[in-house]
Amino acid sequence: MAKHRRAEFKALVAAIRKHRDLAARLDLIYSVGGSGLPTAVAILIRMPEIGQITREQAAALTGLAPYDDDSGKHVGARRIDGGRQRLRQALYTAALPASFRWNPQLMALYSRLIAAGKGHKRALVACARKLIVIINAVVARGTPWVAEPPRTASVSVT
């Protein structure tokens with residue numbers, strides 16, 4: 001069964017590579033730290049509008065946007081809801097290694113949330129949301145992701 005899945009996945013990637021626009025978007029998604037090839041393929045297939053929508057829409061389509069549970073004077077906890085379940089699962093699965101090893105931005109976010117008293121799963125959901133926001137921005141700009149943004153020159157005024 002595992003051999004069959006690997007063969008199907010390779011065939012799927014080969015079919016994507018035949019189309020120049022899909023191959024370019026796949027490479028951009030894959031360039032983001034923490035987004036492996038299976039995650040990149042899942043995003044490309046399950047979210048074809050990637051790069052053409054806002055960050056809020058990307059989070060809502062994946063089901064990673066926090067929604068309130070308020071009514072009248074009652075203020076409920078925020079929770080994620082809706083969206084595309086299998087895409088959300090792929091992003092959550094990718095967020096775990098990304099927030100511990102591969103993506104400095106997600107590692108900093110995870111550390112900050114844990115230090116603020118948030119739970120592990122809540123921090124991972126926030127990292128998954130940040131991951132799709134980063135991927136959406138990378139595809140929209142059309143430039144590969146770099147781990148550290150370039151430092152701007154500081155000019156002293158004397």
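1. Arg 55, Ala 58, Ala 59 and Thr 62 of helix H4 are in contact (heavy atoms within 4.5 Å) with Arg 129, Ile 132, Val 133 and Asn 136 of helix H7. By class, this contact has 4 nonpolar, 2 polar and 2 charged residues. Here Ala, Val, Leu, Ile, Met, Phe, Trp, Tyr, Cys and Pro count as nonpolar, Asp, Glu, Lys and Arg as charged, and the others, Gly among them, as polar.

2. This is a predicted model, in which local features need pLDDT of at least 70 and side-chain atom pairs pLDDT 80 or more, while totals for chains, interfaces and linings use all residues. Residues are numbered from 1 along each chain as its sequence is written, and side-chain values use heavy atoms, with hydrogens and water left out. Helices are DSSP runs (H or I, at least four residues), numbered from the N terminus.

3. H4 (residues 55–62) packs on H7 at an angle of about 130°, with the axes 9 Å apart. Axes are lines fitted to C-alpha atoms, for helices over the stretch in contact, and angles run from 0 to 180 degrees between N-to-C directions. The two helices are therefore oblique to each other; under 35 degrees counts as roughly parallel, over 145 as roughly antiparallel, 65 to 115 as roughly perpendicular and the rest as oblique. The crossing of H4 and H7 is right-handed (the near helix is turned clockwise from the far one by less than a right angle; anticlockwise is left-handed).

4. For H1 and H3 the angle is about 55° and the axes are 11 Å apart, which makes H1 oblique to H3. Their crossing is left-handed. Phe 9, Leu 12, Val 13 and Ile 16 of H1 meet Leu 37, Pro 38, Val 41, Leu 44 and Ile 45 of H3. This contact has 9 nonpolar, no polar and no charged residues.

5. Thr 39, Ala 40, Val 41, Ala 42, Ile 43 and Leu 44 of H3 (37–46) are buried, meaning under 20% relative accessible area with a 1.4 Å probe, protein chains only. The buried residues of H3 pack against H1 (2–17), H2 (20–31), H5 and H7 (120–141).

6. Beyond four places in sequence, the contacts of Leu 91 are Ile 43, Thr 62, Leu 64, Ala 128, Leu 131 and Ile 132.

7. Asn 103 lies in the loop between H5 (85–102) and H6 (104–115). Asn 103 counts as buried because its relative accessibility is 0%.

Technical notes: Buried means under 20% relative accessible area, exposed over 50%, partly exposed in between (1.4 Å probe, protein chains only).
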